[in-house]
Amino acid sequence: MPSTVVVGAQWGDEGKGGVVDVLAERADMVVRFNGGNNAGHTVFVGEEHFALHLVPCGILRGKACLLGNGVVIDLQGLLGEMRELESRGIAVRDHLLISESAHLVLPYHRALDAAEEQARGAAAIGTTLRGIGQAYADKYARSGLRALDLTQPAVFRDKLAAALAHKNALLTKVYGAPPLDFDQVYAELAPAAQELAPLVADIATVINQALDDGKQVVFEGAQGTLLDIDFGTYPFVTSSNPIAAAAAVGSGVSPKRLHRIVGVVKAYTTRVGAGPFPTECEPELADKFRVQGREFGTTTGRPRRIGWFDAVVARKAAMLNGIEHLAVTHLDVLDQFDRIPICVAYRCDGEQRHTFPTSLETLARCTPVYEEMPGWREETTGVTSPAGLPRAARAYLDRLAEIAGARLLMARMGPRRDQTVVVEA
Ligand code: IMP
Ligand code: MG
């Protein structure tokens with residue numbers, strides 16, 4: 001397949017990083033198309049652990065890595081990540097390019113994220129406080145700074161000054177927060193801008209040329225379908241489109257050039273931040289998952305909320321993304337259970353429903369209807385081939401694929417590269 005799109009089919013943290021890492025082995029290029037350093041993609045190479053936030057996972061395999069126009073870029077965040085990777089022997093600069101049209105996340109976006117979350121009080125979204133929503137808001141308000149501005153220092157300085165004056169008014173007059181000092185902000189950003197400027201390029205042309213040349217491209221989604229600004233549990237969502245269609249818009253390729261859509265699901269469900277979560281389980285059960293499943297946020301370290309697999313969510317994600325291939329991660333976390341519930345529908349106002357309601361008020365009245373699958377009570381962490389999977393585990397995987405109306409592509413049984421069973425190449 002010339003191009004593959006990898007998307008999260010739940011609330012993020014499905015393990016897309018590991019799946020992209022496996023697929024990147026045979027790819028030439030990996031392209032991020034949405035989100036910013038709110039994302040946290042964890043990849044293990046041998047016993048070595050990497051937490052990536054902006055740099056595409058393909059960097060660990062020495063592939064060309066592109067940040068598309070749909071991504072928002074925190075200059076200091078990106079540079080910090082690049083330096084960390086470089087200190088561990090990964091060549092980043094020779095492989096990384098940033099779209100000219102990608103918008104920048106600037107210090108005042110982070111300050112406003114904190115101020116707005118605080119002002120929301122009990123209704124806080126539980127954002128990652130990375131200024132993501134504020135940067136996208138400026139993009140659509142047509143007042144943002146773009147990566148292109150990094151290549152013109154005088155323009156960058158003027159735009160930054162104008163933007164900061166406006167944001168300081170907001171910070172001080174609306175939120176009663178302290179203003180940011182232009183000289184200090186500029187002194188921090190100017191060297192970062194200068195350092196990143198050589199990486200800024202016309203990404204759309206680069207990707208289209210690569211596809212013309214028969215190269216293999218993986219589009220790496222961040223967050224998940226239920227965090228989508230249009231289709232997620234609004235307002236408890238992120239501010240971008242993590243769905244497959246965004247791979248086209250967020251990188252500058254035609255939708256016709258997206259060939260294979262891979263949906264990633266955890267074998268159960270997690271969510272970080274506030275908002276509805278129909279299958280969320282009791283704290284004692286959540287603790288059982290949390291240790292084995294390493295369920296702490298990669299970006300914020302917050303413990304994740306946990307629940308059983310939700311087929312209503314998976315079907316919605318399958319429809320919105322056009323998922324044809326399913327990757328199931330964290331299967332090993334279920335090794336410990338005798339019986340494994342799957343939520344197949346919701347009961348709402350005395351009736352069963354199979355579709356996910358858009359209204360959060362309706363959703364709050366929904367309770368899960370479970371079917372149960374037998375557990376396998378056998379360790380799967382060492383399994384490396386489909387034939388090695390316990391029968392009940394394979395049946396569970398096949399059931400998830402059936403729910404999604406997709407073919408099972410791979411299952412992952414741990415964070416390491418070799419803890420992967422590729423069912424279909
Ligand atoms: P924001 O994207 O930082 O504005 O956060 C909005 C919501 O999306 C919060 O509930 C976050 O916890 C959630 N979120 C953002 N990025 C991720 C991610 O990469 N994984 C999981 N949740 C995320
Ligand atoms: Mg994550």
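Pro 235 is placed in the loop between strand E10 and helix H8 (245-249), where helices (H or I, at least four residues) and strands (E, at least two) are DSSP runs numbered from the N terminus. The peptide bond that leads from Tyr 234 to Pro 235 is cis, with omega near 5°. Within strand E10 lies Gln 223, a residue that has a positive phi of about 60° although it is not a glycine. The model is a predicted one, in which local features need pLDDT of at least 70 and side-chain atom pairs count only at pLDDT 80 or more, while totals for chains, interfaces and linings use all residues. Residues are numbered from 1 along each chain as its sequence is written, chains are lettered from A and ligands numbered from 1 in the order in which they are written, and side-chain values use heavy atoms, with hydrogens and water left out.

Gln 223 also takes part in the surroundings of ligand 1, since an N or O atom in its side chain is 3.2 Å from a nitrogen atom of the ligand, a polar contact being a pair of N or O atoms within 3.5 Å. A polar side-chain atom of Asp 13 likewise lies 3.2 Å from a nitrogen atom of ligand 1, and a polar side-chain atom of Arg 302 lies 3.1 Å from an oxygen atom of ligand 1. Of the 470 Å² of accessible area that ligand 1 has on its own, the protein covers 96%, as computed by the Shrake-Rupley method with a 1.4 Å probe. Ligand 1 is surrounded by 16 residues, the closest being Asn 38, Thr 128, Thr 238, Val 272 and Arg 302; a residue is counted if one of its heavy atoms lies within 4 Å.

The largest pocket has a volume of about 790 Å³. A pocket is an open set of points on a 1 Å grid over the protein atoms alone, where a 1.4 Å probe fits, with protein on both sides within 12 Å along at least five of seven lines, and lining residues have an atom within 4 Å of a point; the volume is the space filled by probe spheres set on the points. Among the 46 lining residues, Asn 38, Thr 127, Val 237, Thr 238 and Ser 239 are the closest to the centre of the largest pocket. Helix H4 (132-140) is one of the elements that each supply at least two residues, and H4 gives the most to this lining, with six residues.

The second largest pocket, with a volume of about 390 Å³, is lined by 27 residues, of which Gly 15, Thr 42, Arg 294, Thr 298 and His 330 lie nearest its centre. Domain 1 (3-99 + 202-261) and domain 3 (265-422) both contribute to the lining of the second largest pocket, which therefore lies between them; the domain bounds come from an automatic or database domain assignment.

Note on methods:
A polar contact is a pair of N or O atoms within 3.5 Å; within protein, one must be able to donate a hydrogen and the other to accept it, and residues adjacent in sequence count only if both atoms are side-chain atoms.
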